[in-house]
Amino acid sequence: MITHPKNDFERMFGPYPDGHCFEIESSAILKKINDKAKQGEGVKIAEFLLLRTANGKSSISIIEAKSSAPKNADEYINDVQEKLSNSLSLFIAIYLQRHSKNNSELSDFFKQTELSNVSFILILALQNCEKSRLPPLQDKLKNALKKTARIWNINLNSVIVLNEAGAKKHGLITSITTQ
Amino acid sequence: MINRITLNNFGPLDRLDWQKLGKINLIVGNNSSGKTFLLKAMYSAMRTLEEYKRGDDQRKASEILAEKLYWTFQSEKIGDLVSKQADSPLLLELTLDDKTFDYSFGKDTIKSISTVENNVGSRASNSIFLPAKEVLSLHNIILKSREQDKVFGFDDTYLDLARALRLPTARGNNYPEFAQSRLQLEEMLDGKVEYDEISGRWQFKKGKQKFQIGVTAEGIKKIALLDTLLGNRYLDRNSVVFIDELESALHPVAISKFIDIIAMLASRGIQFFIASHSYFVVKKLFLIAQEQKLSVPVLSYQDNEWLQSDLLEEMPDNPIINESIRLYEEEVDLAFK
């Protein structure tokens, strides 16, 4: 599981191999950035980044987890878009040592990853959401992240919305522990 | 309003009893599941009741029905409509405003139907069938082929529609919802489709420009059909409209707008039976059912059987609906490859 879950759903994620999960939301750098901001004007950020390698190809998934699906989809999707875009930017800023020279918060696995050819996957995970509601939400999120995807040359197919079952199927939730 | 339809051994439809019908009813299924067959079966029954005793027509209901079935399904003998594997007769029972109309016949029937029971009597309103293919540019060809040459090809759904379109636009106030619907239809058209008496052809007028109907977009022709039938008062508040493949030639935004107009007309009394295999049609009707708390009965073909549900309660479990989920899953799998 991730080390700083805010709720039962976040507690479900993992466990992941040591050094492969970067909990950006609880990072010291984010805290430092937001300490300077006024109430409600801080940088909104996703939960965590997960580094994985499959078939000799590395990918970094950026995951925003929510326990339920939205009522007002437009507002909600804009919020998620902002968090995922900010997480991508902040992670790359940290990787490029824009905030501190030794990148102490990033594991060696992240530091040694060649970002020029890594695949980024931007994920919204919803705990309680019927499968039939996922396709339109995914389309909406793709649309909202279109510019970010263009800037970073990320394939729009890598913007996805999953429910709990999908998160399990694709290895984001590997244990059934909810403690 | 049609309350219930029962069919036994009617072509591809072995056994069907669709009850508690609403103002808008939806039939979903893949190609060759029998959607069009069902619509035509209902339509031919309705037209029989509507032609019965109209004006000076002295034909018996059984005679009208036999002609209607012959020219609608265009098989050499109407006994060919009985399901091939059936060992009992074809039966249709339609309940209209709580009164029944039923008939049955066997495989050997050539053109005389002996068992017809009509408790409905005659009917002053008109029903219409809007086929998937467009009609306006073929208008004269349909009329000539059927009225002069009397040959198979265009069935009665086309002929009746071509004749209905021939009626001139009526003057005077229409029902408010009908007038409102026509305004919306004309807004969608961004012009007007009119019959030109001089050339004997339909044309599309946009501002000062005129286009022959043959070069006009298919979607425009479809919307124009409904607009014309409302304008010439062929349709009234008790009409039943059968629409085969509503989505054909319409893009998703036009589908949504078209269905909004249907919902408005349904609230004024017109009953609709819509056959579709479009996700957009089902979804839009689902949203209307939810918003207006309106029962929209659905007949859905799956695994060789017809299932009944209601969009007020749920989206039907159907391959068309499941396809959007399947595509979604394919997309997600692609992201993790």
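**Helix packing and backbone geometry**

In chain B, helix H1 (residues 35–51) packs against helix H2 (residues 61–73) at an angle of about 145°, the axes lying 9 Å apart. Axes are lines fitted to C-alpha atoms, for helices over the stretch in contact, and angles run from 0 to 180 degrees between N-to-C directions; helices (H or I, at least four residues) and strands (E, at least two) are DSSP runs, numbered from the N terminus. H1(B) contributes B:Lys40, B:Ser44, B:Arg47, B:Thr48 and B:Glu51 to the contact, and H2(B) contributes B:Ala61, B:Ile64, B:Leu65, B:Lys68, B:Leu69, B:Thr72 and B:Phe73, where contact requires C-beta atoms, placed from the backbone, to lie within 7 Å.

This is a predicted model: local features need pLDDT of at least 70 and side-chain atom pairs count only at pLDDT 80 or more, while totals for chains, interfaces and linings use all residues. Residues are numbered from 1 along each chain as its sequence is written, chains are lettered from A, and ligands are numbered from 1, in the order in which they are written.

In chain A, the peptide bond between A:Gly14 and A:Pro15 is cis, with omega about -5°. A:Pro15 belongs to the loop between helix H1 (8–12) and strand S1 (21–22) of that chain.

How values were computed. Contact = placed C-beta atoms within 7 Å.
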